[in-house]
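Colleague: Please take a close look at a single part of this model. Then place that part in the chain around it.

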Amino acid sequence: MFVSNDVSTTGTMQERHIVQPRDAQHPIVLSTEELHVFYGKKEAIYEGDLQFARNQITALIGPSGSGKSTYLRSLNRMNDRIATVTGRIMYRGVDINQPDIDVYKMRRRVGMVFQRPNPFAKSIYDNIAFALRLRGTTDKHELDEIVETSLKQAALWNQVKDDLNKSALALSGGQAQRLCIARAIAVKPDILLLDEPASALDPVSTSQLEDTLLELKKQYTIIIVTHNMQQAGRISEYTAFFNQGRVLEYDTTSHIFTNPQVQITSDYVSGNFG
Amino acid sequence: MKTTQQLEKQLKRHSKAAKLEIWGKVVSFSALLLIVAVVVGIIGFVASKGIATFTSNHVNLWDFLTEKKWNPGITDANGKPEVGALPMIVGSFLITILSAIVATPFAIGTAVFMNEISPNKGAKILQPVTELLVGIPSVVYGFIGLSVVVPATRAIFGGSGFGILSGTCVLFVMILPTVTSMSVDALRAVPRYYREASLALGATQWQTIYKVVLRAATPGLMTAVVFGMARAFGEALAVQMVIGNAALMPGSLVDPAATLTSVLTTGIGNTVMGSLQNNALWSLALVLLLMSLVFNLIIRLIGRKGRLQ
């Protein structure tokens with residue numbers, strides 16, 4: 001008799017389990033359709049279509065090299081010069097992966113914060129005003145106001161309000177990362193992509209950062225790549241599990257962590273691998 | 001008890017590797033000593049010879065630096081030798097600064113292209129080309145200058161074609177690869193995350209280059225330019241072939257002129273050791289040496305300032 005060794009047919013576990021968010025209060029603002037990412041000839045993402053709900057936090061988890069950061073960086077086309085991205089990235093009904101899209105304008109709507117805090121070697125004030133000035137905002141009052149509200153939203157204002165003209169390089173890691181968040185939200189984006197923003201931070205700074213994100217979610221749609229499963233559990237509504245270039249499971253965070261449908265997800269979230 | 005003594009004896013006997021290490025230290029230290037001795041020797045020799053003009057030949061240092069007549073064999077009406085080095089000092093500085101001013105935008109532009117706009121083509125085509133340009137001997141540059149630049153200058157501006165302008169053209173090409181490759185290094189040293197931060201904020205690539213990358217690379221770029229200037233200041237052969245070698249204050253950029261190095265190369269074989277003519281040339285060499293020390297000092301100061309930022 002023929003015996004299949006396909007994992008999906010052995011036992012009750014499925015091979016993939018994708019449930020896109022359906023919530024009238026939080027409609028989909030960003031989604032990918034048939035997204036494929038190639039580094040040269042090597043395909044890095046080949047099954048990774050997700051939809052993201054507005055004003056919610058979606059966590060992308062998975063082992064190193066699973067493609068979650070590559071996926072995230074494709075969303076605001078930061079991979080443009082590094083990789084080939086095919087398929088559609090639908091942002092409010094517009095495919096932003098078309099070649100004639102002005103990526104610079106698009107990135108003001110889809111902002112990004114990186115793994116390593118990367119403030120410019122400028123003052124705290126100038127770091128935040130950087131993108132505004134590029135956009136043509138020169139009015140001092142307007143700049144002052146945006147710098148203040150951005151820093152307040154990133155929960156950094158009280159610590160730096162007297163040192164706005166000091167170099168941003170003097171900030172601690174956690175402060176620098178919150179400055180980067182303030183810098184990203186100063187241009188009032190719609191969606192905020194965060195690539196392991198807490199991986200270089202100590203536990204206290206991480207916890208403060210998570211509080212900030214929960215506060216920011218009221219105004220922004222947040223997509224966060226994280227290695228830290230507890231972090232995904234604490235802050236996100238939806239979680240996608242990536243493995244070897246595929247999204248294996250996508251569902252509400254509580255489902256992923258309490259009742260995973262895919263064996264590998266189950267192993268991963270229970271700490272058996274990865 | 002006996003075993004303890006044996007162990008101690010065994011451990012105290014230096015192995016072959018340990019002896020080799022001492023030997024290696026001795027060799028590298030003597031190499032260092034030799035280099036230091038050579039450098040100190042050169043500086044000492046040039047200084048003693050160069051100062052002789054002022055001590056044994058009683059030339060006034062101020063006259064040497066400000067007088068405009070260079071004719072060490074001849075004494076003027078007051079019986080003072082004509083050793084005014086000002087024309088050469090002016091010539092050297094003029095040619096250095098002009099060639100740096102012309103070369104810098106080209107070098108930084110090329111470096112930006114190689115490192116930011118098209119790294120692949122930059123690595124494949126421009127990198128080897130730049131390295132090739134560095135390797136061309138200066139006499140070849142001078143020869144091309146003599147057969148192409150000088151006639152062209154003559155045709156366009158009249159006169160003999162020899163002068164500061166021709167020298168600047170030749171030096172521009174000569175220092176371009178040096179400044180370019182050092183500018184590339186300076187841009188390469190700017191962390192990638194600076195660029196990503198800027199791009200992710202919606203800055204265009206050009207805005208990223210001039211607001212973030214060039215700003216961050218400024219100390220390195222300045223070092224590159226000063227290195228180019230040091231090379232231009234010290235270049236002798238190619239300049240000597242196109243500048244005209246007239247130790248006069250240049251009236252314009254197309255008049256024949258001279259630099260410290262060109263006067264040295266043309267004059268050093270025609271003088272007798274210990275004579276005033278010879279000592280005066282050594283004084284020029286001393287000025288050159290001091291200037292290269294100043295350039296080195298500037299490079300170090302920029303480097304230190306860059307690190308502090």
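**One edge of the sheet**

Modeller: In β12(A), the residue opposite His17(A) is Glu249(A). The model is predicted: local features need pLDDT of at least 70 and side-chain atom pairs pLDDT 80 or more, while totals for chains, interfaces and linings use all residues. Residues count from 1 along each chain as its sequence is written, chains are lettered from A and ligands numbered from 1 in the order written.

β1(A) and β12(A), the latter covering residues 246-252, are joined by 2 bridges and run parallel; strands pair on at least two DSSP bridges. β1 (17-18) is an edge strand of chain A, pairing on one side only. The sheet is open and has 7 strands, with mixed pairing. Starting from β1, the order is β1-β12-β11-β5-β10-β9-β8 in chain A. The other edge strand is β8 (110-113), which likewise pairs on one side only.

In total, chain A has 10 helices and 12 strands (DSSP runs numbered from the N terminus: H or I of at least four residues, E of at least two). Along its principal axes, the C-alpha trace of chain A spans about 80 × 45 × 40 Å. Of the contacts in chain A with a separation of 6 or more, 70% link residues 24 or more positions apart (C-beta atoms, placed from the backbone, within 7 Å).

Chain A contributes 19 residues to the contact with chain B, and chain B contributes 14. On the side of chain A, β8, α2 (103-109), α3 (124-134) and α6 (173-185) each give two or more residues. α2(A) gives the most there, with 4 residues.

Conventions. Contact = placed C-beta atoms within 7 Å.
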